[in-house]
Structures are given as C-alpha cells and as structure tokens.
Amino acid sequence: MRKKNMISNQNTTSSKHPKVAIYLRVSTTYQVDRDSLPMQKQDLIAYCSLILGTDNYEIFEDAGYSGKNTARPAFQEMMNRIRKGEFTHLLVWKIDRISRNLLNFAEMYEELQNLRVTFVSKNEQFDTSTAIGEAMLKIILVFAELERNMTSERVTATMISRANNGLWNGGRIPFGYNYDPNTKQFSINEEEAAICRIIKDDYLANKSLINTTKLLNASGYHTRSGAEWNPVSIWKIISSPFHAGIYRYNRYKGTDHRSINPKEEWILIPDHHPAIFTQEEHEKMLSILDTNSRQRNMIGKQRRPKHIHLFSDISYCGKCGCKMTSTPGRKYSDGYRTSIYTCPQKRKKQDCDNPAVTDIIIGEFAINYILNMLHAKHTFSSLNSPEELQKVLLKGSNFSEIEYIAQDGLNEFFNLLSCYASDNSYTFTAKKRRKKKAPVSPEIQALRKEKEKQERALHRLQDLYLYAAAPMSQKDFIQHKTQITNKIEEINGQLGMTSKDVNTTISDEEFIQMASHLLIQRELQDKQYIYFRNFAVNIAPEILKSYIDTIFDTIYLKDGKITSITFKNGLTHKFIYKH
C-alpha cells in the first residue's frame, strides 16, 4: 500500500514546476534572539530565487528545538506535506539544521529519494543527485554525529565537575524541599517535611511500605502533584540520601535506559543542604529495606509454585472501572484454592463499595455461559430468532436473575452462528448464511467489517512475504504489517476490548473453534451444567488459565454479579438483571 502511494507521489512531484520547502531551525532562545532565523531565512530565499530559479517556496520554522531527533512540529508538518507530493525540493541552510543524528537523517534522506525530492544544503554546496554529492553528504553526516557525541561528552564532564563542587545540576526538586535558583540553595519545605517525618516514623516502627502507604492515604495526605501515595513513592523518600542532607550524582548512566554506574563513580557530597532525617535514621531505613528484600528473595526460593488466579487481568470493577486485584482465598479439602477478586479502590481507601468476588462465582457463570453458547450452536437449526437464542443462552440457575441480554451483542452472536453452525457436532465450520440477518448497531457492524477486512489483509501480507515468487523486503513487510496491526488495535479498542494487542485477539471463526476446544473433552460433552470447583480440580490450572485467557477479553463485575463479558473476537454480551 505504501509503495503504491510513493509511486503516486513520485509521479505527482516530477510533473510539477519546482516548489521548494525551506526548513529553518535554531536550537536555543539565545540563538533566536540573535536573529539566527531571519538570517537563515534571507539567505535561503535568495538561494531559492537565484540558484534554483523559482520563487515558489514555503517556509517551515522550528525555533528552540534540538537537532538530536526529529520530534519537531514544523519538521513533521513539512514531511507530511512532502509525502503528499507538494514539493520537489527540500532546502536547508546547513545540513545539521535538519538533524544531528545520523540514523534519523539517513532514514529521512532515503524517504526523500523514494519520493524523488531533491535535498539541497546551501552552506555545504552539494548536489545529492550525483554520486559525489551523495558521498559528501554521508561524510558530513558522520562528522555531525561525531560532533554531537563529543559535545555530549563535554557536557557530561562539566556536569560531573559541577556536582563535585556541590552545585545542583537540575532536575525534579525532591519532596520536602524548596530550591532558590538565585542563591542556588535548598531549604526545607516544612509542610512537605512533616509528611516525610510521618513516613520515617511509621516505617521505622512497622517496617512496611504498604502499611505506611495506607496510613498516608487514610489520613488524607497527597503527593506534590495531588496524587495518592503508593509504595514506590514512599520508597523513593526512604531510600534517597538527599533527605539525610547528602547530594548524590552520577548514580545512573545516561538518561534513557537508566543503568546504574559502579558505586565508585558516584558523587556523594555530605552536609550539602539541610537534612530532614538524621544519618542514623537514613541508614536504619536502608537496613530495613535491605532485610525485607532479602527475606522476600528467600521466601521466593522456598515457596511452592505460585497460585494461579484464573480470572486475573480480565476481571474489572463494574462500578469504577478499575482492574480487580487477585489474592488467594479459601483452600478446600480436595486441594482446590479459590481466588478472591477485589476492586483496588475498595482495598486502598474504601472509595468503592463493590464487594469482593471469588473465582467460583465468576467461573460458574462464565464456563456455563460458554457451555450454553455451544448448546445454542448444537440446536441452532431449530432457532429462528435472537429471542429464541437468548432462551438457550440464559438456561440454568446461574442466569435466572437476568432479564435479557443487550440486543446488539445478542444479534451479533445470532449472525455469527448463522455463518459457522453447519451441523450438530461440537465443531464449527463456515457455511453460507441460512437465516435472516439480525439487526446490529451500524457503528458496531462497520467496525467488525473493517476488522475482518484488516485481518484478511494481514494474512495476505504474511503469505506474500513468505511464499511470493518475487520476495518482499523485510523493511516493506514490517512497514505494511505495522500499519495494519495499528488499525486492528484501534478497532479493538473501539469495540471495548482491553487487550488491543493484535497477537492476543482472534477472528470470529477462531473464537468459535476455541470455544469448542475445551468443552469437547470427554467429561464435558454431554453436560447440561458444570460445577466450576469440581471442574477446576480435574484440569491443570495452567491449562484452564490458558483457555480462559484465549476466550475472554474482559469480564465486568458489579455487586457480586457479572454485568458484561467481552470475548477475544470483540463480541460483547451485556446482562441486564431483574430489579
């Protein structure tokens, strides 16, 4: 698809009279104030008229942006318009005005070549349409990259020198402190420092990050941004030497991946600023953190295999929308241990009154609903309407309190069965539609059609890449695949699915086949009802968890009842209960 667009743009560009995109960039306010942009602009307009022989140009300016990457608004706008075929030339004052990063520039230059857009740098005076000009361009880029790296090294050395002299190198002001940029001194923020002392006192007494977190939130304290406290934000205050008056610098290598430097490379300046904690208190808290960490590691090594929460990551609170947390519950005499699912807003600060639910309640409903879906398929030839289908789906004591299933989801499943229910076995195969299609919301219908279209395109692309006589390049394959998968992920989100990753979603036919898979096992084939606990005891939890994650995307729970289920193919069934 992209290749086609490129060819179209090439033809458009080459057939037009010259039109030049002039790009200007300076990286600091100081440079802007010294009229760097007006000077560049004047030079390039003159070059455009006298050398390129055209007054047909448009100027794109980025003031105050670095050249280390291409995340600049005017640059991005210009490239989008170049891709549409609006320009024949891209003119810059100097090559590093476009990018000081070799990889970014190489990618951009390759794209310009594909679009047949000529790149011109006024100061370097080369023509990229010739082999020599292109070679010169690449040599200049190498040196531009070298200059940027050397500058980075000089900046790092300067920052380390400043830190050794006790000077603050900037960053987020630690909680509990104020910073005066004029005097370059830190002072204690008494309101925040009082919270720091509560943290210190509670942690020394109870030795628990979670306990301290609950105390602060229950007392109505908030972080500087107004958010609730969590164990990580507590840990940052407890573990940082800053609150003991010590300035620490060069702990981390770089800013992107944050790997830790060897301790001998750290810079530690004691008595750098007023302390909130004493040195003794700081070391005692570090010792508790270390002891707790070692105990967790020891317990982890001795612990039996982790308990598997069958409905974790797919259970959501029907009142506030939060993903529910899972904890082990009661253990039965037959060895089965339940899981308890609780809204985190209820656990943290009692802001949500949705009661906890066990996996027996969820499982009994969910698995029997799947069983009813299979029974509906088995008897579909005798079902003439979505209303008759609903009676089969809601058969059993688990569903006695449900008044009806929301119409769109019910009609979607009716249409799905009419496509894939072809016989009376427990398997599903595609067939021609036999029954009148039930009405579904136009928006949902359009989304599902577009999803099917994109899924077919993805399969065709993979076949083309693997088996075509004229092989597709890996780069083209990745570009096209990314475009298609991004579109499918977007549609999945619009269908209400939480796991938008294309690799975790399935088509309608795959959904039906997978729904059949577990239920055709010998012990389930002729069942009219499944007691979930007995069922779960006889199946390895890893297998059952895998099956549940394959079929269900999201389950919403409210007041101990399942209010909606979204399946992995995007089908959603909402349950309306009797009053």
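Me: How do you know how far to trust the chain?

Reply: Keep in mind that this is a predicted model. The chain averages a pLDDT of 77, and 74% of the residues score at least 70. Residues 422-434 stay under 50, though the model still has 40 contacts for them beyond four places in sequence. Residues 518-523 are also below 50, and that stretch has 13 contacts beyond near neighbours in sequence.

Me: What is the overall make-up?

Reply: The chain has 19 helices and 19 strands. Of its 579 residues, 41% count as buried. It exposes about 31,700 Å², with carbon and sulfur atoms supplying 52% of that. As for contacts between residues at least 6 apart in sequence, 63% join residues at least 24 apart.

Me: Why is Ser315 called buried?

Reply: Buried means under 20% relative accessible area. Ser315 has 0%, so the label holds.

Me: Where does Ser315 sit, and what does Ser315 touch?

Reply: Ser315 lies in strand β12, residues 315-317. Leaving out residues up to four places away in sequence, Ser315 touches Lys323, Met324, Tyr341, Ile362, Ile555 and Leu557. Its side chain also reaches the backbone oxygen of Phe311 at 2.8 Å.

Me: What makes Phe311 stand out in the largest nonpolar core?

Reply: That core has 55 residues, and Phe311, Phe552 and Ile555 touch the most other members. Helix α12 (residues 359-378) gives the most to the core, with 11 residues. The contacts of Phe311 beyond four places in sequence include Tyr341, Ile362, Ala366, Phe532, Ile548 and Ile555. Phe311 also touches Asp359, Gly363 and Lys545.

Me: Why would such side chains gather like that?

Reply: In soluble globular proteins, nonpolar side chains tend to be buried together.

Me: Which residues belong to the second, separate core?

Reply: Among its 24 residues are Ile237, Ile269, Phe277 and Leu289.

Me: How do you know that the buried residues of α19 line one face?

Reply: In α19, which spans residues 541-551, the buried ones are Leu544, Lys545, Tyr547, Ile548 and Ile551. Looking down the axis of α19, they fall within an arc of 160°, so they line one face of the helix. The face turned away from that buried side carries Glu542 and Ile543, which are exposed.

Me: What makes the link between Thr88 and His89 a polar contact?

Reply: Adjacent residues count only if both atoms are side-chain atoms, and the pair must be within 3.5 Å. Here side chain meets side chain at 2.7 Å, so the pair qualifies.

Me: How many residues separate Thr88 from Thr118, and Thr482 from Leu458?

Reply: Thr88 and Thr118 are 30 residues apart in sequence, with their C-alpha atoms 6.4 Å apart in space. Thr482 and Leu458 are 24 residues apart in sequence and 9.8 Å apart, again C-alpha to C-alpha.

Definitions and conventions: Residues are numbered from 1 along each chain as its sequence is written. This is a predicted model: local features need pLDDT of at least 70, side-chain atom pairs count only at pLDDT 80 or more; totals for chains, interfaces and linings use all residues. Side-chain values use heavy atoms; hydrogens and water are left out. A nonpolar core is a set of buried Ala, Val, Leu, Ile, Met, Phe, Trp, Tyr and Cys residues joined through side-chain atoms within 4.5 Å. Buried means under 20% relative accessible area, exposed over 50%, partly exposed in between (1.4 Å probe, protein chains only). Helices (H or I, at least four residues) and strands (E, at least two) are DSSP runs, numbered from the N terminus. Contact means heavy atoms within 4.5 Å. pLDDT is the predictor's confidence in each residue, from 0 to 100. A polar contact is a pair of N or O atoms within 3.5 Å; within protein, one must be able to donate a hydrogen and the other to accept it, and residues adjacent in sequence count only if both atoms are side-chain atoms. The arc is that of the directions from the helix axis to the C-beta atoms. Accessible areas come from the Shrake-Rupley method with a 1.4 Å probe; for residues, only the protein chains shown count as cover.
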